[in-house]
Amino acid sequence: EMAKLTQLLDNEAFRAYATYATIVLLKMMLMSPITAYFRITRKAFANPEDTVSFGKGESAKKYLRTDQDVERVRRGHLNDLENIVPFLGIGLLYALSGPELSTALMHFRIFGGARIFHTLAYLIPLPQPCRGLSWAVGYAVTISMAYKVLKTALYL
Amino acid sequence: EMAKLTQLLDNEAFRAYATYATIVLLKMMLMSPITAYFRITRKAFANPEDTVSFGKGESAKKYLRTDQDVERVRRGHLNDLENIVPFLGIGLLYALSGPELSTALMHFRIFGGARIFHTLAYLIPLPQPCRGLSWAVGYAVTISMAYKVLKTALYL
Amino acid sequence: EMAKLTQLLDNEAFRAYATYATIVLLKMMLMSPITAYFRITRKAFANPEDTVSFGKGESAKKYLRTDQDVERVRRGHLNDLENIVPFLGIGLLYALSGPELSTALMHFRIFGGARIFHTLAYLIPLPQPCRGLSWAVGYAVTISMAYKVLKTALYL
């Protein structure tokens, strides 16, 4: 039984972490099919074997190219990795550090909202500073959680 | 003692997660020496300080270039990051959500096999849709685990 | 209470993991403002909407370019992702595998020191093999932890 295994998922702050970590990871995973969509509609591929269905030999080679829409999605995907990986690690330790439930929920909700808004700001695209501010909000939330983890657990 | 610390590693589903998470991370780490191998054999580097042993001044500058074999390994490495990070986070929460051992093992084994096959399909390379299908299988396994996590732990 | 939730953060090896995982993630996060600093001072941007404050229309387009200093920081950031993600996952499982506290501390301290030195070697830059060796030290520490995890938890 789960309850015998661990009380982790009986704890509401840990359940909130599990929920928001899963949501932001699913959002990040969504970048892959979006990249594929733009690669196919813009006919812009990175690998020769991906262009075979568009023709043979020289006629397929012209689809080995970069496209600004594809590169934009890829930059958004990489920015997700750079920011969601710290959230995953620091957020897990934060959830284990005994935060107030309401404080923990506030951190997770703001981070999740900021990253979803960041993706919209990147892909539409919205004028700056929309994307920059949404990045900064998620960054600040992660720093705040890191402070709590180090205050609770510091062991050098 | 470990058993006093936590029962996590006494649980078979969690041990299975620990095993497969470590295997796919070691597989991902293997991309670094493979990149180094192609950089050295193709003499294609990104940093001026890396080319010093191949000559001085202008003669070394010609090795600051991109190479299709190097770029292929780097794309495989980035694809690993994009897919193994969600597996690490969602898989950990899934292992804590009390899955049936046989179901958990099935998820972890299919994901591990799919990612190893994906790397082979990328590096050999195998014709499409080999790489695309192996990517999709790992992706679907992660979505299935995310569904179980949200069903068990949802706390917005 | 934290103690009721889990004994994880009562364990000194786990607290050491929490401390060093947070430190290397904060170090990785530092790469984002460093990238922004070089993008602004070198006037080298990836997105048209980021160049608006530097002029309108054609005059802003010339800032959509790559710059060697910006690219160097971005390579360091990606190398962090490639190496810190395995440390996060394998290190967490290692901390749960019941290591001797002194052995665990040695692993975490060497990894943390190696990655901080790697960033310095990349950004200054120091001559090779400084960067290569610091990468290899962090890599070896992660392999050593993976060996302990698989020895303790192996369940295929």
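Chain A of this predicted model folds into six helices and zero strands. Its elements follow the order α-α-α-α-α-α from the N terminus. Helices here are DSSP runs of H or I with at least four residues, strands are runs of E with at least two, and both are numbered from the N terminus.

Residues are numbered from 1 along each chain as its sequence is written, while chains are lettered from A and ligands numbered from 1 in the order in which they are written. Local features need pLDDT of at least 70, side-chain atom pairs count only at pLDDT 80 or more, totals for chains, interfaces and linings use all residues, and side-chain values use heavy atoms, without hydrogens and water.

The radius of gyration of chain A is 20 Å, whereas a compact globule of 156 residues would have one near 15 Å. This radius is taken over C-alpha atoms, and the globule rule is 2.2 Å times the number of residues to the power 0.38. The C-alpha trace of chain A spans about 60 × 45 × 30 Å along its principal axes.

Of the 156 residues in chain A, 53% are buried. Buried means under 20% relative accessible area, exposed means over 50%, and partly exposed lies in between (1.4 Å probe, protein chains only). Chain A exposes about 6700 Å², and carbon and sulfur atoms supply 63% of this area. Such areas come from the Shrake-Rupley method with a 1.4 Å probe; for residues, only the protein chains shown count as cover.

Contacts were also examined (heavy atoms within 4.5 Å). Among those in chain A between residues at least 6 apart in sequence, 68% join residues at least 24 apart.

One residue of chain C illustrates a buried site. C:His118 sits in helix 6 (residues 101-123). Its relative accessibility is 2%, so C:His118 counts as buried. Leaving out residues up to four places away in sequence, C:His118 touches C:Asn79, C:Arg131, C:Ser134 and C:Trp135.
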